[in-house]
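This report describes selected elements of secondary structure and the way they are arranged. The sequence and structure are shown first.

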Amino acid sequence: MAAPGAWLPAVRACESQRPGLAGAAADRRSSHDRHGWCPARRAAPSSPPHVPAREAPGPRWGMDEGKMDENEWGYHGEGNKSLVVAHAQRRVVLRFLKFPPNRKKTSEEIFQHLQNIVDFGQNVMKEFLGENYVHCGEVVQLPLEFVKQLCLKIQAERPESRCDKDLDTLSGYAMCLPNLTRLQTYHFAEHWPILCVEIKPKCGFIPFSSDVTHEMKHKVCRYCMHQHLKVATGKWKQISKYCPLDLYSGNKQRMHFALKSLLQEAQNNLKIFKNGELIYGCKDARSPVADWSELARHLKPFFFPSNGLASGPHCTSAVIRELVHVITRVLLSSSDKGRVGALRLGPGPRGPRVCEASRFSRSLHCQGKNTPERSGLPKGCLLYKTLQVQMLDLLDIEGLYPLYSRVERYLEEFPEERKTLQIDGPYDEAFYQKLLDLSTEDDGTVAFALTKVQQYRVAMTAKDCSIMIALSPCLQDASSDQRPVVLSSRSRFAFSVSVLDLDLKPYESIPHQYKLDSKIVNYYSKTVHAKDSAVMSTRFTESEDCTLVLHKV
């Protein structure tokens, strides 16, 4: 296990030869650290780093730099910070960074940004989640003319709400990655159709930290509280019945309810692709209401391939049920080994295992039944590993923010130490090792504060990642002992599971997270919880009055 002060190397020998630096370093050692952590003043910055000119996606991806044709690529999707295009024939995508029109970055900065994403996936998330689940890709340099023409080609397909930022067309750098809507397990001819379900499960535990001051956070999960604020601000039309704790419970009944809830109100937490094309999902509050009958029409050949069900409500419900059961089996399967056991966080969440706002729990409560807490997730499955990484948020944002402020004060005094603190990288094996220090006893040092801040950033990354489940029908005689297979009532599928959206959350976003957390809890407490309390109080008063009247009679 890494020592709490291991974020920073020892003072360089050359400091002792420079007037005043050795004494300054000694002063900082005594005032900031009890573990021998010695921040080192760096020498004056050298000239900008040389950026290696990497070729466009070459033989590894089945493409030739001299034949990069924008017409072979199509718009695939985009988030707040990046845009993705997919190749029409090959199982590969290109990911470009996006920036506001008035914000310019040098080619070197863009290259380093992308390389940090690759390194973090390779050295940190792959270690935690397993190499079969995490696909890091590589940074490539593309012909600028190709990038410019591609930008023009896809502009009309971009959602209006995302056009406030422009695709980077000046540096030529992008990330080349496998297309995760396709099977990633084995390389074989894709003559069978491919179905892919993308799930963003969100945070799967209720905070257990003693630093939490809002009692509501010990009862209701972040996702369920945030739903009310999002609907109130117009982000979504209606509140989803989905609760992450149901999905992470390992109990099949709760998992089925959670997945059906996602299908009913997908928001940005569920998408379904068929042969790489989006066939089901929600972009924003203006998106049409989910049409299960249309979805069932797409899915019916997968689950009832020969002389299946007739059309109608019965057919729709049967197809949706098959889809939910298959996804559940895949999510509970184990197909990789990561080093997540090194975290030693225990078998599961230490807080409540049931969210009080869960629609599943409430419906059972109305029936006079208790919620089945959990069956337990298999330790090898991706949900379990993801949950373990999420639980690196040991202190909650309420306990973390004062530590962030401690690091900030240090950086104000010694701004040149930012690189040494590895806040902006490099995200290497040493960075990963330091994340394994799970101590929560604050010794007052900057080193302790920094470790918790870095763990929080990693935990937030796991809370916002997406799980991609690719399914392809396979025949009985075409199965292989090496290829993972999942069964439905009438079909069998080869499948692969991958993780998407694993960029390390920015250090600078912590103040925003602190304010947002308070806003979410305060809104929920003042509106939803207060309303529920008033209803219960009214019911009690009415019951009391009725009892008194009957007593008189």
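In what order do the six strands of the open sheet lie? In this predicted model, the order is S9-S8-S7-S10-S12-S11, with antiparallel pairing. Strands S9 and S11 form the edges, each pairing on one side only. Direction ignored, neighbouring strands of the sheet are turned by 35° against each other on average. Strands of a sheet pair through backbone hydrogen bonds, either parallel or antiparallel. Between S7 and S8, the antiparallel pairing extends over five bridges, and Glu 198 stands opposite Lys 271 in S8.

| Strand | Residues |
|---|---|
| S7 | 195–199 |
| S8 | 270–274 |
| S9 | 277–280 |
| S11 | 485–487 |

A second topic is the packing of helices. Two packed helices are described by the angle between their axes and the distance between the axes. For helix H10 (residues 382–390) and helix H13 (residues 446–463), the axes come within 7 Å and cross at roughly 145°. The crossing of H10 past H13 is left-handed. On the H10 side, the contact involves Thr 386, Val 389 and Gln 390, which meet Val 458, Ala 459, Ala 462 and Lys 463 in H13. Of the residues in this contact, four are nonpolar, two polar and one charged.

Helix H4 spans residues 222–232, and its buried residues are Tyr 223, Cys 224, Met 225, His 226, Gln 227 and Leu 229. Just after H4, Gly 234 adopts a positive phi of about 85°.

Conventions:
Residues numbered from 1 in each chain as written. Predicted model: local features only at pLDDT ≥ 70, side-chain atom pairs only at ≥ 80, totals over all residues. Heavy atoms only, no water. Axes fitted to C-alpha atoms, helices over the stretch in contact; angles between N-to-C directions. Helix = DSSP H or I, 4+ residues; strand = E, 2+ residues; numbered from the N terminus. Left-handed = near helix turned anticlockwise from the far one by under 90°. Contact = heavy atoms within 4.5 Å. Nonpolar A, V, L, I, M, F, W, Y, C, P; charged D, E, K, R; others polar. Buried < 20%, exposed > 50% of the residue type's maximum accessible area, 1.4 Å probe, protein only. Pairing = 2+ DSSP bridges.
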